[in-house]
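I set out to look up charged contacts and strand pairing in this structure. My entries follow in the order in which I made them.

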Amino acid sequence: MKDENMRDWKNVLASARSKMTKCRACPECNGLACRGETPGCGGKGSGESFVRNVSMLKQVKLNLDTIVGNEPVSCEADFFGVQTALPVYVAPIGGIKTNYGAEMSEAEYARALIEGCKDKTVVFTGDGVDFNMFQDPLLIQNEVGGQIVPTFKPWIYPEIAKRIEAVKKAGFSLVCSDIDAAGLTALRNSAAPVQFRNSEELKQLIEEIQMPLIVKGIMSVKGAMKALEAGAAGIVVSNHGGRVLDDCSSSIEVLPEIAEAVNGRMKIFADGGFRSGKDVFKALALGADGVLIGRPFSLAAIGDGSEGVKIYLNKLENELKETMQMCGCTKLSDIHRSCVRITF
Ligand SMILES: Cc1cc2nc3c(=O)[nH]c(=O)nc-3n(C[C@H](O)[C@H](O)[C@H](O)COP(=O)(O)O)c2cc1C
């Protein structure tokens, strides 16, 4: 990785530290210092689900292969017909004030991400009890351009219908839902509560909204098969960054078996603990079509707005390209299971 990338990123982190009260912006965002801090940006309970997301990724090792030509390396990706510079997308994060104690508002946060990613990649935007948290990014995208995937909580249907109407009005035709948020006590007790849905009910929801749905929060083969049967366009292998259940497996541990079972029948994304281009490479080698990253993008936006987001994206892109080069890959389709060794 280029030295200036690392220097710029350290400056962004230092700036973020001075603009919020609840996150320490650690040099390595690994869930150790913020164990149990929810609200806050940590993992639930013992914090182990978040910590494990990061630590198990380290147990996937890269296999060097440098007997290769000198062709340029490209990590361009296709995201449902949108060309992106890299297969990395911003994960939806809501509650930038509650969780980070940040100076910026939710709308300013969304703007920083959408502007920062505009020429490179896609932003999954957040949702909350306050409808504006869902709607503002749609209005900002309309003004700024760029690509977003509006992500709604698994509310009772009238709340979802309201959000789908706003999405259709804004001209979007792909949405995501973090179904695992059905387990969040605060949302279960809110005025318009979230709910669990079985496979049949999920299928009905997809038919009702009449647009492709990415289902976020799948952590088992069984769950992936149910999402597939319900007609999901894709899944995000995710334990919500360790925020919905203590002591979960990490995303990278369950990814290979889920990818094997899905066998190309829908898109698979993964999130949880991915921090660098090396980490992204590992997920692609183990069957993901792309990776969502959460907390570091929040720090980038809090620290230096859209510029911070661009700095982090450049760092990821350079790291991914360097890893590809050193592992004998010049394009994403060259990245295979044989490029890594699982040591867990
Ligand atoms: C403070 C915070 C707020 C979050 N809010 C949401 C949300 O509104 N919707 C959602 O789908 N996921 C939410 N997530 C989960 C992220 O989308 C993502 O799954 C997770 O952060 C990925 O792990 P990482 O942060 O280690 O990269 C949130 C995570 C954090 C840390």
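**Entries on salt bridges, surface charge and strands**

I found Lys-315 to be buried, and Glu-319 is buried as well. I note that the model is a predicted one. These two residues form a salt bridge, with their closest N and O atoms 2.9 Å apart. Both belong to helix H12 (residues 295-326) and are 4 residues apart, about one turn of the helix.

I then looked up Lys-321 and Glu-317, whose side chains meet in a salt bridge at 3.3 Å, N to O. They are likewise 4 residues apart in helix H12, so about one helical turn separates them. Lys-321 is partly exposed at 27% relative accessibility, whereas Glu-317 is buried at 11%.

I next examined Glu-48 and Arg-35, which form a salt bridge of 3.1 Å, N to O. Glu-48 lies in helix H2 (residues 48-57) and Arg-35 in the loop between helix H1 (3-17) and H2, so the pair ties together parts that are 13 residues apart in sequence. Glu-48 is partly exposed, with a relative accessible area of 26%; Arg-35 is also partly exposed, at 36%.

I recorded a network of salt bridges linking Asp-127, Glu-159, Lys-162 and Arg-163. The count of salt bridges is 15.

On the surface I noted a patch of negative charge formed by Glu-200, Glu-201, Glu-207 and Glu-208. Glu-207 sits in helix H8 (residues 199-209) and is exposed, with a relative accessible area of 53%.

Finally, I checked strand S10 (residues 267-271): 4 of its 5 residues are buried, so the rest of the structure largely encloses it. Strand S9 (residues 234-237) runs parallel to S10 and is joined to it by 4 bridges. Gly-234 stands opposite Lys-267 in S10.

Conventions:
Residues numbered from 1 in each chain as written. Predicted model: local features only at pLDDT ≥ 70, side-chain atom pairs only at ≥ 80, totals over all residues. Heavy atoms only, no water. Patch = residues over 30% accessible without salt bridge, like charges linked within 9 Å, V, L, I, M, F, W, Y side chains within 5 Å. Areas by Shrake-Rupley, 256 points an atom, 1.4 Å probe, with all protein chains shown as cover. Salt bridge = Lys/Arg side-chain N within 4 Å of Asp/Glu carboxyl O. Lys, Arg positive; Asp, Glu negative; His and termini not counted. Charge placed at Lys NZ, Arg CZ, Asp CG, Glu CD. Helix = DSSP H or I, 4+ residues; strand = E, 2+ residues; numbered from the N terminus. Buried < 20%, exposed > 50% of the residue type's maximum accessible area, 1.4 Å probe, protein only. Pairing = 2+ DSSP bridges.
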